[in-house]
Amino acid sequence: MNSTKNQIAPIKHDDRIEFLDVLRGIAIQFIFMANIVYFSGYFFFPEDFRNPDFVFTSDKVLDFISFTLIDGKFYSIFSLLFGIGCIIQYEKSTKNNKPFAPFFISRMFWLLIFGGFHLVGFWLGDILTLYAILGFVLILFVKTPDKKLLWIAGVLILLPLLNWFVINTLNINYTKPFFKASTYIWECFGYPTTEWNGKKFIQFKYYLLNDDWSGFFKMNLGNVFVRIGSLLDEGRIFKVLGVFLIGLWAGRNILRNQLLQNIKLLKKITLLGILIGLPMSILRTYIEFFGDNSNLNSFLKTLTYALGTVPLALGYASLLALIYSNKPNLLNRIAPVGKMAFTNYISQTIISILLFYKVGFGFVGQFGFTVIITIALIIFLCQVIISTILIRKFRYGPLEWIWRQFTYRRRLPLLKNSKF
């Protein structure tokens, strides 16, 4: 163990940038609003499967709007915040003449452990594992100059287009082994599979309707490879790393150049982000909802995702920074959710599995989109209340506290009025 003088300590609450906690809390909620479409079974079951008492004429309109404005955008904001958090930790360690790389490697290692447990055991849509793996790479860029960071980020965000070309035009489909591994695991356990778009997949309806916990965990083993294959197929790894780098740039300029007080620049980013991102996102949604499965539409979805998602996400983040600069009290109530983002993110998985899957209360596929989004908002409201109560008494959320203790390799006080 390192000596005390070489250890990096957690960021003190007085040193936290409150807006980043607000933004993190908002991102966590809208990520949940995107995820609940899959948790609830809405995406997988036909309309005639749903309970007519919970289906409304507003469902399709809200679904279209939600996919346009939410899908992918708040994962991108969360990725941005990840990069900002990395550079804040780096600047802090540099200021205190303490080594950064060993600390951040430890932090990412334990995030990988937690994320891997979440992915393998519970939720194939886990983002923590990917963040942890790319976090190791991020260390290489903490000293990269601003202009170079943005250039590399731009190239990475556009690389999914090259990825699509390699898979669909050159027919080098390097993702196939992962999908085959998934179906192999399911078939070994005797679970049904299905074919979609020329590929063999697990039968996700069966997974959601399964009422046996041992079967649930067995099927999740196959889902891990679906997740890996999907991330590679979409080229999302490039996009996430690209947004991480934008986060490094943003965090550096927040600390050194008062980016959050630069109203002129924030307005410019907001305007450009919305003007570029919104039309592209609308086009992507239209193709997704009404287009066929042609190669052209597949390419256009990749293109509009690349040109729509990140710009609109940056526009959102800048717009929220502008709102916060004028009305901080309006958004500060959400900050406790952001301070407990890890705990709240995992909690959303547990609540959703218990509420929707057949291993829980079994409401899978029963609700229309309006009801699903309402449920997500109610759960988030509960998280705001619970997080506010806990943060008044405790320094961290429970999972944040455990993660920090593993990272710093020492016992940390949990109660605000105690040292141990």
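This is a predicted model: local features need pLDDT of at least 70, side-chain atom pairs count only at pLDDT 80 or more; totals for chains, interfaces and linings use all residues.
## Residue classes and the model

## Cavities

A search of the whole structure finds two cavities of 30 Å³ or more. The largest cavity holds about 70 Å³ of space, and its lining consists of Tyr75, Ser76, Ser79, Ile127, Leu130, Tyr131, Arg227, Arg236, Lys239, Val240 and Tyr305. By class, this lining has six nonpolar, two polar and three charged residues, and at least two of its residues come from each of helix 3 (73-95), helix 5 (128-138) and helix 10 (236-257).

The second largest cavity has a volume of about 30 Å³, and it is lined by Ile157, Pro160, Glu234, Gly235, Arg236, Lys239, Tyr305 and Ala306. Helix 6 (146-168), helix 10 and helix 12 (295-326) are the elements that give two or more residues to this lining. Its composition by class is four nonpolar, one polar and three charged residues; Gly235 is one of the lining residues, and Gly is counted as polar in this scheme.

## Helix 10

Helix 10, which contributes to the lining of the largest cavity and to that of the second largest cavity, is mostly covered, with 17 of its 22 residues buried. At 1.5 Å a residue, the 22 residues of helix 10 should span 32 Å, and the end C-alpha atoms are 30 Å apart, which agrees with that expectation. The helix is followed by Gln258, whose phi is positive, near 55°.

## Helix 7

Which residues of helix 7 are buried? They are Phe179, Ser182, Thr183, Ile185 and Trp186, and because they cover an arc of only 155° around the axis, they lie on the same side of helix 7. An α-helix has 3.6 residues a turn, so residues three or four places apart point the same way. The face of helix 7 turned away from its buried side carries the exposed residues Pro177, Lys180, Tyr184 and Cys188.

Helix 7 is followed by Gly190, whose phi is positive, near 85°.

## Aromatic pairs

The whole structure contains 46 aromatic pairs according to the search. One of them is formed by Phe117 and Phe122, an edge-to-face pair with a centre-to-centre distance of 5.7 Å and an angle of 65° between the planes; the pair counts as edge-to-face because that class takes planes over 60 degrees apart. Phe117 is exposed, with a relative accessible area of 59%, whereas Phe122 is partly exposed, with a relative accessible area of 22%.

## Gln366

Where is Gln366 placed? This residue lies in the loop between helix 15 (341-356) and helix 16 (369-393), and it is partly exposed, with a relative accessible area of 24%. Although Gln366 and Asp53 are 313 residues apart along the chain, their C-alpha atoms are separated by 9.3 Å.

Notes: Residues are numbered from 1 along each chain as its sequence is written. Side-chain values use heavy atoms; hydrogens and water are left out. Buried means under 20% relative accessible area, exposed over 50%, partly exposed in between (1.4 Å probe, protein chains only). Helices (H or I, at least four residues) and strands (E, at least two) are DSSP runs, numbered from the N terminus. The arc is that of the directions from the helix axis to the C-beta atoms. On a 1 Å grid over the protein atoms alone, a cavity is a set of points where a 1.4 Å probe fits but cannot get out, and a pocket is an open set with protein on both sides within 12 Å along at least five of seven lines; lining residues have an atom within 4 Å of a point. Grid points are joined across faces, edges and corners, and a volume is the space filled by probe spheres set on the points. Rings of Phe, Tyr and Trp (its six-membered ring) pair if their centres lie within 6.5 Å; planes under 30 degrees apart count as stacked, over 60 as edge-to-face and the rest as tilted. The expected span of a helix is 1.5 Å times one less than its number of residues.
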